[in-house]
Amino acid sequence: MAEPVTQKQGRPAAREPEGPVTPLHQPLLHESGLRHTSGEAKYVDDFPAPAGMLVAQIVASPHARGRVRKVDTTKAMQVPGVHAVLTARDIAGENNVGPVVHDEELLASQEVHFLGQALALVVGDSYEACRAGVAAVVVELEALPAIVTLEDAITKQSWLSEQHLMQRGDAAAALATAEVRFQGEVRTGGQDHFYLETQVTLAVPEEGSALKLYCSTQHPSEVQALVAHVLGWQRHQLVVEVPRMGGGFGGKETQAANYAALASLAALKTGRPVKVWLNRDQDMMWTGKRHPFLTRFDVGFTNDGTLVALDAQLFSDGGFSSDLSRAILDRALFHADNGYFLPHVRLTGRVAKTNLPSNTAFRGFGGPQGMAVMEELMSRFCERTGLDPVEVRRKNFYGAAPRNLTPFWQEVKDNRLPRIFDELLASSKYSQRKAEVAAFNAKHPRVKRGLALTPVKFGISFTTSFLNQAGALVVLYGDGSLQLNHGGTEMGQGLHTKMLAICAHELGVPPSSVRVMNTATDKVPNTSATAASSGSDLNGQAVKQACEVLRERLRPVAARLLGVPSESAKDILFAGGRVFLASRPELALPFEKVTGEAYLSQVSMSATGFYKTPDITFDRATGRGKPFHYFAYGAAVSEVELSGLTGEHRLRRVDILQDVGSSLVPTIDRGQVEGGFIQGVGWLTCEEVRFDEKGYLRTHSPDTYKIPAFGDAPLEFHVALLQNAAQSDVIHGSKAVGEPPLMLALSVVAALRDAVAAFGPKGREVQLPMPCTPEALLFSVEKQKG
């Protein structure tokens, strides 16, 4: 039997279990891991071109805002190899791809709202022909004044949403009597998704006025719905299939629909397969990013560091259209407390409208921006007062009633942060290393080290309640092998591997007997996006239910073959590829013998499963409810070394302890923790999104936009999963892992602040913007020196 992952072990060797052992809670190979490394794994752009396939290029707006005077396609249609040039006039259905609010045209008709907005689509034999066609389209725009910064939008009262309020207690009165009170601002920047596979859809016409779309999307059902609206069709005329994605991170939750709709429109007009694919520069310039936030706060503490009250106004840059910005802002408000109890709190939020690409979902979905505010306040308070940051954080954790209510009035139950803090302080040797850092800093005037520990409390569920549902279809064959279909999509995160393990566990077969099929809307309909860290929670329960149905159908067949009374069928076990009575394991039957007999006995061999999360409610009007099924917890200790001469830093060591409940597949979960943390480090230290005054993205390729490289990873990286931590009322005791680890990277910012503080006198608050680039750190050091 494979050893479970423990704090003291390194990464265990991944293998398929042998004998009567469940694959659950054990190391397991990623179901596509070998195919990834061999090149066998197929993505949309890897598919052989269907006969007669055309490609397309977008005619993009050269202005951030303007009135459309003319889009003349006459000369473009004369370019050799060009088959069609489509504009808003060619859309038979609704010219809109807004997923929630219908405020986003597919092809601009009267006004453009950001630099790069699609005005037309040139369809041709080759990209060369399409580019020539794009150059031949005559576009006349009347340039209009544009808003390209969040601050300008706030000043001009340019909004995409109304104000959202959450409050408890009397923040104003508590602030008036607070022993320590200060005000300020916190800014967090955008972040490009930088998935390895850019946006792409291949649309293939089928007989009977139908299309099949091979699409890189996290939300195939939404793509199906939005494309149907654009074409003026019903959804049954479209099948959306997702083979796998080369990364998503939220960027393909809603915005894949734009390019799927363009490909579908072109395929319908030409009667031929059409692929719409963006190159890296186009993808970065035209798609939305993580929302930049500006928060203005007024916070109060007692002298010993207990939080008294917080009044905070959160503003996000939504770009030109609504997309998912309102829900993202809500989640930022939900997480502005992080893991700390606020006796008196008033939180408001509003989404600003700018003339930039519409910002969208990104791993954490607003949670990181909200948590960044609270961790910044903790650091600033400790810098001002000289109190121990670990103890200040610890004393403000949620506790027993009445210290167990969030700002939105949900009770915090089973709070694991105190346990995580204690275990991580010990395993990371925090106290010893704190003394070592102080000793190093005393001897080195030009280079300083910093050490910090920060927590994460992250709510799990879609905050739009109806999305908390999932379906599955499991097909069993007479030879005992299975095909597994579920509504989740695979983007490298290992969801298919977890679903495979659940299916194999429930039916007692080896993982090699289960094939996970491509996600498709004709197999599992009306799915929710694979997002909100809920993929395993939702789809896992649906897979489990479908397998239970099949298992119950097989029990009477097995009872006959075993020669036991029908009333004993309930005691039959399925494990290790065998079917047997616990009291008579020597009479075990091969699983395939039972399934073969079931087929001959005319037993139905396919089953669907469905799950919806119970007890999820939230009233936006009152700001109260239970929007989350549970909370996931974690903490990280980060140590940095900072050069006061250049502003460059290195991440010396990171220790993480993450609560994933009873991990379904520990090897997959460890990978998510490591990858999420590094992506968070990128957002907070090196990934800087910059638009110029005309709304042009200056950081639109890897030569100007820096994502973390191998050299940015910690020199020592210790990741452990909290042991003996099974969660009730979830799939096999597990917890979500996709998003929470990203926010552990806030410990790096706190550590960098600690290092900067060492360059100046005690009691001086550090002035350090995010992202903490070398330039920002160098200026911060100079300010700290005074």
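Figure 1. G478 is partly exposed, with a relative accessible area of 33%, in a model that is predicted. The residue is placed in the loop between strand β17, residues 469–476, and strand β18, residues 482–486. When neighbours within four places in sequence are left aside, the residues in contact with G478 are E592, T595, G596 and M605. G364, which is 114 residues from G478 along the chain, has its C-alpha atom 43 Å from that of G478.

**Figure 2. Overview of the chain.** The secondary structure of the chain amounts to 19 helices and 29 strands, and its C-alpha atoms fill a box of roughly 85 × 80 × 50 Å along the principal axes. The radius of gyration is 27 Å, which agrees with the value near 28 Å that a compact globule of 786 residues would have. Of these 786 residues, 61% count as buried, and the chain exposes about 29,500 Å², of which carbon and sulfur atoms supply 51%. Among contacts between residues at least 6 apart in sequence, 79% join residues that are at least 24 apart. The chain carries 80 positive and 84 negative charges, and the mean positions of these two sets are 3 Å apart.

Figure 3. A532 is located in the loop that runs between strand β20, residues 519–520, and helix α15, residues 535–562. Its relative accessible area is 12%, and because the cut-off for buried is under 20%, A532 counts as buried. Leaving aside neighbours within four places in sequence, A532 is in contact with R331, I460, S461, F462 and E739. P740 stands 208 residues from A532 along the chain, yet the C-alpha atoms of the two residues are separated by 10.0 Å.

Figure 4. V85 belongs to strand β3, which covers residues 82–86, and is buried with a relative accessible area of 9%. Once neighbours within four places in sequence are set aside, the contacts of V85 are with T73, A76, M77, D90, A120, L121, V122 and V137. The C-alpha atom of V85 is separated by 8.9 Å from that of G124, a residue 39 places away along the chain.

**Figure 5. Helix α7 and the glycine that follows.** Helix α7 comprises the 15 residues 256–270 and reaches 21 Å from its first C-alpha to its last, close to the 21 Å expected at 1.5 Å a residue. Twelve of its 15 residues are buried, so the helix is largely enclosed by the rest of the structure. An α-helix has 3.6 residues a turn, so residues three or four places apart point the same way. Just after α7, G271 takes a positive phi of about 75°.

**Figure 6. Helix α17.** Helix α17 consists of 20 residues, numbered 666–685, and the distance from its first C-alpha to its last is 28 Å, close to the 28 Å expected at 1.5 Å a residue. This helix is mostly covered, with 16 of its 20 residues buried.

Figure 7. A401 and P402 are joined by a cis peptide bond whose omega is about 10°, and P402 is found in the loop between helix α11, residues 389–395, and helix α12, residues 417–427. The peptide bond from M770 to P771 is also cis, with omega near 5°. P771 lies in the loop that runs between helix α18, residues 746–757, and helix α19, residues 774–785.

Figure 8. H25 has a phi near 60°, a positive value in a residue other than glycine, and is found in the segment before helix α1, residues 33–38. With a relative accessible area of 27%, H25 is partly exposed. Q157 has a phi near 55°, likewise a positive value in a residue other than glycine. Q157 lies in the loop between helix α4, residues 150–155, and strand β7, residues 164–168.

Definitions and conventions: Residues numbered from 1 in each chain as written. Predicted model: local features only at pLDDT ≥ 70, side-chain atom pairs only at ≥ 80, totals over all residues. Heavy atoms only, no water. Helix = DSSP H or I, 4+ residues; strand = E, 2+ residues; numbered from the N terminus. Expected span 1.5 Å × (residues − 1). Buried < 20%, exposed > 50% of the residue type's maximum accessible area, 1.4 Å probe, protein only. Rg over C-alpha atoms; globule rule 2.2 N^0.38 Å. Contact = heavy atoms within 4.5 Å. Areas by Shrake-Rupley, 256 points an atom, 1.4 Å probe, with all protein chains shown as cover. Lys, Arg positive; Asp, Glu negative; His and termini not counted. Charge placed at Lys NZ, Arg CZ, Asp CG, Glu CD.
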